[in-house]
Amino acid sequence: MEKNEAPVRPRVLVFDTTLRDGEQAPGCSMNLGEKLVVAAQLERLGVDVIEAGFPVASPDDAAAVREIARKVRRPVIAALSRASQGDILTAWESLKGAERPRIHTFIATSPVHMEYKLKMGPDELVERAVEAVRYARSLCPDVEFSAEDGSRSDPAFLCRIFSAVIAAGATTINLPDTVGYATPGEFADLVRLVRAGVPEIGRAVLSVHCHDDLGLAVANSLAAVEAGAEQVECTINGLGERAGNAALEEVVMALRTRADRFGRDCGVDSSQIYGTSRLVATTTGVRVQPNKAVVGDNAFAHESGIHQHGVLANSSTYEIMTPESVGLPRNKMVLGKHSGRHAFEERLVELGFNPPPEEVAVLFAEFKSLADRKKTVGDRDLEALARGKTMAPPETWKLDRFVINSGIGLTATSAVSLVHCDGTRKEGVAGGDGPIDASFNAIDSILGMDPTLEDFSLSAVTGGKDAQGEARVRIVREGRRFNGLGLSTDVIEASVRAYVAAINALVHETGGTACAG
Ligand code: KIV
Ligand code: ZN
């Protein structure tokens, strides 16, 4: 141990930022209902901290933090803020209902950020950081301070600012590799240098936060753990700004599989990893690449005869961890129209969904009706079904009927009928550039609104002629975004359903009517 150095805490804390840094990635925005379901699953996964959002960024972010803080009680709930009183107070207003709130405040410490972004010298910067931490501590007993772009900062300056903020009350100090620039050896050296150069280090948890621009986020996080980092910040499936953040599932399984090397464990229940990964993939629509470590479709698949023979003889020949350890059953039961409710419910839980009994009953009925149309119902079908039901906002408007006239050389026309939850039926007719555009225009004419369609995608949930089509729609109104998902073996119906779902999200989140009951 070097001079000044306090002992490293024996347990590695896992700080999940899927709902903040992960959600900042393009196309990953989630609505309130979706964030709540993901947060509940993160709690089941056993993470220590959930960073629920950046409240000053938007009223939606503030509302999500507030609701998660109210409903998710075991983990620490963190909210991000810049190092200013206004931001910190906004973060606190959202957080204060939490059982264990944490204000996470940050300021950049690298020369390039200080000169060009903040236009601040070192003394002024330290003063700002100290003031921010002191103010945050006057509101909340748990305060994290991050030195943004820490890996490109002057190490002596880093030690100076970390000492000052711990003295001002920071309970965690975080060293981010914001632009994914560091290499493992270099990052480990920096962690050791901070441990040795900050006399107050024993009074705060030392955290790291790595981005994946060079594909080194997990390697850098693990090198940091070996060098004495006590908290790792990461996201499910490695979602995050640009190339993403360190993938939680990889960090955790490395700590477990190479316990001989790391000698320090974390509190994550690894059997929840696969379900959480699937839940985040279906919620955000960002698919997991098949060869992704730990959670990719091929992560435990053995194709070649030599490998298959070895695994059958003794699985440790080609498997360093078991599929069961990450929650992936080795023998998946195929579900079809003769499957019972118990097997159906069990599979939903394995996929990260935990619907209450009354929702299971509705889902089971829908599953049976799908199984009548499709020979086998795969995991992707189940996820799509469950996601559509468990995370959808209340149905203010329901799709009743539609008829479309479209072909080549003529403007498409669509007549749509919607039913309001108070029983009122409304019909609209419109033309458009193809059947989907015409249907969306017909819905706009019924509702008298004209949101901007920001994103629309259509994909097959599974292979085969009887595959379900999954449509995703994102609309924007007055700067706010609303997502909708639609599902059907008919792709036009899936698209219209997705648009209606996005409209329902808009109505719900802007405080419009939804009928009680
Ligand atoms: O990457 C980064 O530096 C961050 C901080 C706000 C912690 O996300
Ligand atoms: Zn980040």
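I began with burial, taking a residue as buried under 20% relative accessible area, exposed over 50% and partly exposed in between, with a 1.4 Å probe and protein chains only. I noted that the model is predicted, that local features need pLDDT of at least 70 and side-chain atom pairs pLDDT 80 or more, while totals for chains, interfaces and linings use all residues. I also noted that residues are numbered from 1 along each chain as its sequence is written, that chains are lettered from A and ligands numbered from 1 in the order in which they are written, and that side-chain values use heavy atoms, with hydrogens and water left out.

Asp-21 in helix α1 (residues 18-22) and His-211 in the loop between β7 (205-210) and α9 (217-227) are 190 residues apart, and the pair links distant parts of the chain; here helices (H or I, at least four residues) and strands (E, at least two) are DSSP runs, numbered from the N terminus. Both Asp-21 and His-211 are buried.

I then followed the sheets, where two strands pair if DSSP finds at least two bridges between them. Eight strands close into a barrel in the order β1-β2-β3-β4-β5-β6-β7-β8, with parallel pairing. On average, neighbouring strands of this sheet are turned by 25° against each other, direction ignored; the axes are lines fitted to C-alpha atoms, for helices over the stretch in contact, and angles run from 0 to 180 degrees between N-to-C directions.

Strand β2 (residues 49-53) is joined to β3 by four bridges and runs parallel to it, and Glu-51 stands opposite Ala-78 in β3. In strand β3 (residues 76-82), six of the seven residues are buried, so the strand is largely enclosed by the rest of the structure.

Six bridges pair β4 and β5 in the parallel sense, and Thr-105 has Phe-145 in β5 as its bridge partner. Helix α6 packs on the sheet and touches β4 and β5, its direction making about 170° with that of β4; contact means heavy atoms within 4.5 Å.

**Glu-148**

I placed Glu-148 in strand β5 (residues 143-148) and found it buried, with a relative accessible area of 16%. Its side chain makes a polar contact with the side chain of Lys-117 at 2.8 Å; such a contact is a pair of N or O atoms within 3.5 Å, where within protein one must be able to donate a hydrogen and the other to accept it, and residues adjacent in sequence count only if both atoms are side-chain atoms.

**Open sheet**

Elsewhere I found three strands forming an open sheet in the order β12-β13-β14, with antiparallel pairing. β12 (452-460) and β14 (480-488) stand at the edges with a single partner strand each, so one side of each is left without a neighbour in the sheet. Eight bridges join β12 to strand β13 (residues 469-477), and Ser-459 stands opposite Glu-470 in β13.
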